[in-house]
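Visitor: I am new to this structure. May I ask how its features should be read?

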Amino acid sequence: MIKDFYKQFRKACDEYFVFDDERFEKLKDITFFKEIKKGEILLDNYSKAKYIYFICKGVLRTYYLDENGKTYTKNLFIENYFSTSKVSLLTKETSYLSIEALEDCSLIFIDYDKYKELISKYDEFKNFYINYLEKNWVIVKEKNEISLILDDAKLRYQNLIKNNPNIENRIPLHYIADHLGITATQLSRIRSKLKNSK
């Protein structure tokens, strides 16, 4: 089973850079596999991020917690996505967001500091890192920010479902509403209108 998850991991990596067997083994050497229970906190806002999590199975959410205890769901991640606190990894400071498992999860933990060592030694890992950063931390991030300003909640919901198939049947809907910046009631209305329009 774990072997199959690493095949899944390699296929996801291939979208950014195709490693030969030798280099992929070096990547595997700085990872470990772990099962996480629903509700478990992988990272809180009192800790420094050490790992990038590749999701083999399950759903993770990243969220902010304000001084009044109110949470804001920044992102939802399903299978074949990578999740982490990017700012904490880069600054070595405590994370300003937390990461929680919304389902039982199967994850591959990638040691970020050891990955940076690989970057310093091998161009392949540098190219992978650049390609990943450009797509996810620049292009996707900018598109999401523009969507938040220009698109209405209905379109943002439709895009979320398109990019995360069946997620609305896997996690409580209030997390989706929170991520979209709307109330659970507003989300219910949107879902009802979309259902009736079919």
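Guide: UniProt, in an unreviewed entry, lists residues 19-136 as "domain: Cyclic nucleotide-binding"; UniProt positions follow the numbering used here, feature names are shortened, and annotations may be inferred rather than shown by experiment. Residues are numbered from 1 along each chain as its sequence is written. The model is predicted: local features need pLDDT of at least 70 and side-chain atom pairs count only at pLDDT 80 or more, while totals for chains, interfaces and linings use all residues, and side-chain values use heavy atoms, with hydrogens and water left out.

Visitor: What are the helix and strand contents of residues 19-136?

Guide: Helices (H or I, at least four residues) and strands (E, at least two) are DSSP runs, numbered from the N terminus. Residues 19-136 are 33% helix and 36% strand, and their end C-alpha atoms lie 19 Å apart. The protein has eight helices and eight strands.

Visitor: How many of the eight residues of helix α7 are buried?

Guide: Buried means under 20% relative accessible area, exposed over 50%, and partly exposed in between (1.4 Å probe, protein chains only). In α7 (residues 173-180), six of the eight residues are buried, so the helix is largely enclosed by the rest of the structure. Those buried are Tyr 175, Ile 176, Ala 177, Asp 178, His 179 and Leu 180. Of the 198 residues of the protein, 43% are buried.

Visitor: What covers the buried residues of α7?

Guide: A contact means heavy atoms within 4.5 Å. The cover includes β4 (60-65), β5 (71-77), β7 (98-101), α6 (153-163) and α8 (184-196). After α7 comes Gly 181, with a positive phi near 75°.
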